[in-house]
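Okay, thanks for coming, everyone.

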Amino acid sequence: MTHITANTAQKEFVDILDNVTRYNEPATIVSDDNKVAVLISLDEWRNIQETLYLQSIPGMVDSIKAAASEPLSDSIDASEVNFDV
């Protein structure tokens with residue numbers, strides 16, 4: 001994560017914005033009076049929102065963890081799934 005002063009952010013905003021959006025690298029911006037903000041890309045923001053939403057569904061985290069622990073050899077091939085439901 002990049003840490004920059006508010007003055008630097010003001011002078012180099014276009015470059016900082018490019019770095020944040022191109023590389024999904026958040027930038028922490030600190031003012032002279034120690035107010036702190038974080039600049040993140042829209043993709044990162046959407047990812048955070050999706051994670052919070054999924055975590056709000058009862059049992060979802062446990063379900064994801066259980067599925068992740070299953071060996072791939074127990075899975076079926078995608079060609080065996082009927083997607084025309």
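Predicted model: local features only at pLDDT ≥ 70, side-chain atom pairs only at ≥ 80, totals over all residues.

Numbering runs from 1 along each chain as its sequence is written, and side-chain values use heavy atoms, with hydrogens and water left out.

Helices (H or I, at least four residues) and strands (E, at least two) are DSSP runs, numbered from the N terminus, and two strands pair if DSSP finds at least two bridges between them. Strand β1, residues 2–5, runs parallel to strand β2, residues 27–30, over 4 bridges. There you'll find T2 opposite A27 in β2. On to strand β3, residues 36–39: β2 pairs with β3 in the antiparallel sense, again over 4 bridges. The hairpin of β2 and β3 has 5 residues between the strands, and N34 there takes a positive phi near 65°.

Now look at T28, which sits in strand β2 and stands opposite V38 in β3. Is T28 buried or exposed? Buried, with 9% relative accessibility; the cut-offs are under 20% for buried, over 50% for exposed, and partly exposed in between, using a 1.4 Å probe and protein chains only. Leaving out residues up to four places away in sequence, T28 touches M1, T2, H3, I4, V36, A37 and V38, where contact means heavy atoms within 4.5 Å.

Next, salt bridges, meaning a side-chain nitrogen of Lys or Arg within 4 Å of a carboxyl oxygen of Asp or Glu. How many by that rule? The count is 2. One joins R22 to D18, with the closest N and O atoms 3.2 Å apart. Both residues belong to helix α2, residues 13–23, and are 4 residues apart, about one turn of the helix. R22 is exposed at 54%, while D18 is partly exposed at 34%. There's also K35 with D33, at 3.7 Å, N to O, and K35 is exposed, at 57%.

Last stop, the surface. L42, W45, I48 and L52 make a nonpolar patch of about 400 Å². Patch residues have over 30% relative accessible area and no salt bridge; like charges are joined within 9 Å, and nonpolar side chains (Val, Leu, Ile, Met, Phe, Trp, Tyr) within 5 Å. The areas are Shrake-Rupley with a 1.4 Å probe, and for residues only the protein chains shown count as cover. W45 is in helix α3, residues 42–56, and is partly exposed at 45%.
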